[in-house]
Amino acid sequence: MHGTFAPPQDSPLVDPFARRITYLRVSVTDRCDFRCQYCMAEEMTFLPKADLLTLEELDRLCSAFVARGVRKLRLTGGEPLVRRGLTTLISSLGRHLKSGALDELTLTTNGSQLARFAPELAAAGVRRVNVSLDTLDPDEFRRITRRGDLAPVLDGIAAARAAGIAVKLNTVALKGVNEEQILPLVAFAHEAGLDITFIETMPMGDIDGDRTDHYLPLDAVRRQIETRYTLAPSAYRTGGPARYMHVQGSGRRIGFITPLSHNFCESCNRVRLTCTGTLYLCLGQDDAADLRAVLRETDDDRVLHAAIDAAIARKPKGHDFVIDRPGAAPAVKRHMNTTGG
Ligand code: SAM
Ligand code: SF4
C-alpha cells in the first residue's frame with residue numbers, strides 16, 4: 001500500500017535500449033508570468049487547476065521514481081516558482097537528499113521570483129538552479145519575454161548566489177534576435193563566475209511565427225565565441241544533454257545543447273512528468289502514460305510501480321526533430337511549458 005510498500009532497491013528503471021533512467025524532470029505548472037516568443041503564443045489557454053496534480057500527488061510520484069533509482073529531480077514548468085506552495089513540495093522532497101537516495105534536487109526558472117524564494121530553496125537543500133537568460137538588454141528582454149523585466153531576474157541571480165546556490169545560465173540562441181548578445185552574455189557569465197549553456201530552438205507547439213526564421217545552429221554560436229575566447233573540449237557532464245567546453249584562462253565552462261544539429265538520444269537517461277501526471281518518455285515524441293489516473297485510482301504503490309514499468313518499457317530510441325523545412329508543423333504539438341524544458 002501507499003507508504004508501506006517498499007519496491008526492491010535492486011529494481012532500477014531500465015528501458016528497452018538498456019538506458020538506465022536516473023533523471024526525472026517535472027513540470028509543476030504550465031503557467032508562467034512570461035510569454036517567451038519561442039516557447040508560447042501570446043494568448044495561451046492554461047489547464048484548469050483541477051487537472052493539476054496536488055503537491056501531495058507530485059510528492060508521491062517523485063518519491064516513487066526516487067525509490068526506483070532516480071538520482072536527480074529537476075522541477076520546471078511553465079515557471080515553477082509561480083506554483084503556489086512549491087517550496088513546501090521542495091522542502092518535503094528534500095528528505096530524499098538527506099537520506100542519500102537523491103543526489104540532486106534542482107530547478108529551471110526564469111528568475112523573476114528567485115530573489116524572494118532563494119533562501120527557502122537553499123534551506124530545502126537546493127544547491128544549483130538553472131536560470132534562463134536570453135539577453136542583457138532590458139528592451140530586448142521585454143520583447144523576447146513579451147512581458148518580463150530584466151532587473152528582478154538579475155536580482156534573483158544575485159540572491160541565489162548569496163544564499164549559496166550555484167547558478168547556471170541557459171540561453172536560447174535565436175537568429176536575428178539575440179545573436180549580438182552572445183558575447184556580452186558569455187562575458188557576464190564569466191565575470192560573475194557562472195557557467196552558461198546555449199540551446200537551439202526546438203520545434204514544440206505552435207507559436208505566433210515560424211521558428212525556422214530564428215533557428216541558429218550552435219556551430220555558429222561557437223564560432224562567434226571563438227572570435228574572443230579559446231575553447232577546449234571538456235569531459236564535464238551534469239547528467240543532462242549539454243556538451244561542455246572549457247574557456248581557457250577563465251576556468252569557466254560553456255555548454256551546448258544541440259538537439260537538432262547533433263542527436264544526443266543514445267545516452268538519454270531521463271523521462272518527463274507533466275503537471276497533470278502524464279509521463280512523457282521522450283521530449284520529441286508524443287507517446288505518454290497517464291499516471292494521474294493510476295494515482296487517483298488506488299493508494300497501492302505496487303500498481304503505480306507497475307504503471308511506471310509499463311511506461312519505461314515503451315521509451316523510444318530517439319526524437320524526430322527536424323527544423324529545416326520552412327513552414328513545417330512543429331514536431332510535437334505540445335508547448336515546452338507543458339512538458340517542461
Ligand atoms: N520558465 C522556466 C524557464 O524559462 O527557465 C522553466 C521552463 S522553460 C520551458 C525551460 C527552458 O526551456 C528555458 O531555458 C527555455 O528557454 C527553454 N525553451 C522553451 N521553449 C523552447 C524551445 N521551443 N526550444 C528550445 N528551448 C526552449
Ligand atoms: Fe515561461 Fe520559461 Fe516558457 Fe519563457 S521559456 S514562457 S519563462 S516557461
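This is a predicted model: local features need pLDDT of at least 70, side-chain atom pairs count only at pLDDT 80 or more; totals for chains, interfaces and linings use all residues.
Me: How many residues of β3 are buried?
Reply: Six of the six, so β3 is largely enclosed by the rest of the structure.

Me: Which strand is joined to β3 by four bridges, and do the two run parallel or antiparallel?
Reply: That is β2, residues 72–76, and the two run parallel. To place the pairing in the model, find L75, whose bridge partner in β3 is L107. Then follow the chain: from β2 it passes through helix α2, residues 86–99, to reach β3, and this β-α-β crossover is right-handed.

Me: And how many bridges does β3 share with β4?
Reply: Three, again in the parallel sense, with β4 spanning residues 128–132. Here T108 stands opposite N130. The helix in this unit is α3, residues 114–123, and β3, α3 and β4 together make a right-handed β-α-β unit.

Me: Which side chain makes a polar contact with that of E104?
Reply: The side chain of R128 does, at 2.7 Å. R128 is in strand β4, and its relative accessibility of 19% counts as buried.

Me: Let's turn to ligand 1. Which residues come nearest to it?
Reply: There are 18 residues around ligand 1, and Y38, G78, E79, S132 and M202 come nearest. The shell divides into five nonpolar, ten polar and three charged residues. Among the elements that each supply at least two residues of this shell are β3 and β5, the latter spanning 166–173.

Me: Where should I look for close polar approaches to its oxygen atoms?
Reply: A polar side-chain atom of S132 lies 2.5 Å from an oxygen atom of ligand 1, and one of Y38 lies 3.0 Å from an oxygen atom of the ligand. At T109 the approach is made by a backbone N or O atom, 3.2 Å from an oxygen atom of ligand 1. As for cover, ligand 1 taken alone exposes 540 Å², and the protein buries 95% of that.

Me: How do I read sequence separation against distance in space?
Reply: A118 and A163 are 45 residues apart in sequence, with their C-alpha atoms 6.3 Å apart. A118 sits in helix α3 and is buried, at a relative accessible area of 0%. For a second pair, take A101 and S63: 38 residues separate them in sequence and 9.7 Å in space, C-alpha to C-alpha. A101 belongs to the loop between α2 and β3, and its 26% relative accessibility makes it partly exposed.

Me: Last topic: what is noted about the phi of A18?
Reply: A18 has a positive phi of about 65° although it is not a glycine. A18 lies in the segment before β1, residues 23–27, and is exposed, with a relative accessible area of 66%.

Me: And is R146 buried or exposed?
Reply: R146 is buried, at 18% relative accessible area. R146 also has a positive phi of about 65° without being a glycine, and its place is the loop between α4, 138–145, and α5, 150–162.

Note on methods:
Residues are numbered from 1 along each chain as its sequence is written. Chains are lettered from A and ligands numbered from 1 in the order in which they are written. Side-chain values use heavy atoms; hydrogens and water are left out. A residue is near a molecule or strand if one of its heavy atoms lies within 4 Å of it. A polar contact is a pair of N or O atoms within 3.5 Å; within protein, one must be able to donate a hydrogen and the other to accept it, and residues adjacent in sequence count only if both atoms are side-chain atoms. Accessible areas come from the Shrake-Rupley method with a 1.4 Å probe; for residues, only the protein chains shown count as cover. Ala, Val, Leu, Ile, Met, Phe, Trp, Tyr, Cys and Pro count as nonpolar, Asp, Glu, Lys and Arg as charged, and the others, Gly among them, as polar. Buried means under 20% relative accessible area, exposed over 50%, partly exposed in between (1.4 Å probe, protein chains only). Two strands pair if DSSP finds at least two bridges between them. A crossover is right-handed if, with the strands pointing away from the viewer, the path from the first strand over the helix to the second runs clockwise.
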